[in-house]
Amino acid sequence: MAANGSKKSDEMSTPDRRKVLGTKTRDRRVQVVRVLLEGSFQQKLGLRDMSARVSLSPWRLAHLFKAETGMSPQRYLTLVRLQRARDHLENSFLPVREIGAAVGIPNPSQFTKSFKAAYGMTPVEYRKLNMRVERLQMDSAGAESRLTTTARSGSQK
């Protein structure tokens, strides 16, 4: 330490150095919970369930998770669910109600409200703009080829 009691930059402690370098520590328990949420998003998962899987108290898990991801575990779970719902809306013909239930949000009005908050439009509006339909075509040699039509651009690939 310098005579005035402050640390020199080359003597910076590890947490301070991480802050300066812009890196974060990666807690394995948080990573385990993220994998759990991404793999079991359709199930009802509470903070107690998640924290029990990694032997932490619910409060401690919530604190660690937010420090690493910038959001709560429940918010992360909701975003995973909405991303999966978006994929279903783009690539399937399932009714919106069934998509909500399939991703773990069985209440249709809650699903619509959450989806609109995240993407700025309802699931039905999103589907109309982003539905991808593949059409099979036979070429001159009799082989199948796929054409993908995207509603957003209206072009064929």
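Me: At roughly what angle do the axes of helix H5 (residues 73–91) and helix H7 (residues 108–119) cross?
Reply: This is a predicted model, in which local features need pLDDT of at least 70 and side-chain atom pairs count only at pLDDT 80 or more, while totals for chains, interfaces and linings use all residues. Residues are numbered from 1 along each chain as its sequence is written, and side-chain values use heavy atoms, with hydrogens and water left out. Axes are lines fitted to C-alpha atoms, for helices over the stretch in contact, and angles run from 0 to 180 degrees between N-to-C directions. The axes of H5 and H7 come within 11 Å, and their crossing angle is roughly 95°.

Me: Which word describes H5 relative to H7?
Reply: Angles under 35 degrees count as roughly parallel, over 145 as roughly antiparallel, 65 to 115 as roughly perpendicular and the rest as oblique. With the axes crossing at roughly 95°, H5 is therefore, relative to H7, roughly perpendicular.

Me: How far apart are the end C-alpha atoms of H5?
Reply: The expected span of a helix is 1.5 Å times one less than its number of residues. The 19 residues of H5 should therefore span 27 Å, and this agrees with its end C-alpha atoms, which are apart by 27 Å.

Me: Is Gln42 buried, partly exposed or exposed?
Reply: Gln42 lies in the loop between helix H2 (28–39) and helix H3 (47–53). Buried means under 20% relative accessible area, exposed over 50% and partly exposed in between, with a 1.4 Å probe and protein chains only. Because its relative accessibility is 38%, Gln42 counts as partly exposed.

Me: How many strands are in the protein chain?
Reply: Helices (H or I, at least four residues) and strands (E, at least two) are DSSP runs, numbered from the N terminus. Along the sequence the pattern is α-α-α-α-α-α-α-α-β-β, so that besides eight helices the number of strands is two.
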